Amino acid sequence: MKNFLKLAALLLGLSSLAFGAVNLNTATKEELMALPDIGEVRANAIIKYRAKNNFKSVDDLKNVEGIGEGISANLKDDVKFSGASDTTNIKAKSLNVRNGAKRVKKASDALGESMNKTKRTRKKASDEAVGAGGVGGVGGDVGVGAGVEEKPAKAKRTRKKANETVE
């Protein structure tokens, strides 16, 4: 049992080394920007704040302009206040992947809406052509609405084909 407890304590100690942490009191701007939710503006604000104050806890981050309760809570596992900074396994990397996925979904949604708009435009053009007798006419027939009553199925096929080319 003693060996098990020693092993568990050793593993716990090693697991804490596996995650990187940025020292808020000495980190470079680039190291700060590796943190989740910290871009250039917030990194500069942290550097400006620490020029006059030392960070002693995550709660001190709330005193930095542009950083509130949510961001400071998000950073609690990724910051420290002494020793060297280590950004190798910062949680920000996984957050950036998630943020990237959100951007891809947004772009995909925009593309989908654009495709739907194209479909609606094609359907409207097809409907207008049917109403004017421009689709489904029989060769050589001339006149108002020529061929509309004669081949309504062709208009439906044309509209369906126009929609399928978009998908």
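1. D59 forms a salt bridge with K62, with 3.3 Å between the closest N and O atoms; the term stands for a side-chain nitrogen of Lys or Arg within 4 Å of a carboxyl oxygen of Asp or Glu. The model is predicted: local features need pLDDT of at least 70, side-chain atom pairs count only at pLDDT 80 or more, and totals for chains, interfaces and linings use all residues. Residues are numbered from 1 along each chain as its sequence is written, and side-chain values use heavy atoms, leaving out hydrogens and water.

2. K62 also forms a salt bridge with E69, the closest N and O atoms being 3.1 Å apart. Through shared partners, D59, K62 and E69 are joined into one network. E69 is exposed because its relative accessible area is 53% (exposed is over 50%, buried under 20%, partly exposed in between, with a 1.4 Å probe and protein chains only). D59 at 49% is partly exposed, and so is K62 at 32%.

3. The structure holds three salt bridges. E40 and K29 form one of them, at 3.0 Å between the closest N and O atoms. This pair links distant parts of the chain, 11 residues apart: E40 is in helix α3 (residues 40-50) and K29 in helix α2. Helices (H or I, at least four residues) and strands (E, at least two) are DSSP runs, numbered from the N terminus.

4. N25 lies in the loop between β1 (22-23) and α2 (29-33). Is N25 buried or exposed? N25 counts as buried because its relative accessibility is 19%. Leaving aside neighbours within four places in sequence, N25 is in contact (heavy atoms within 4.5 Å) with R50, N54, F55 and F81.
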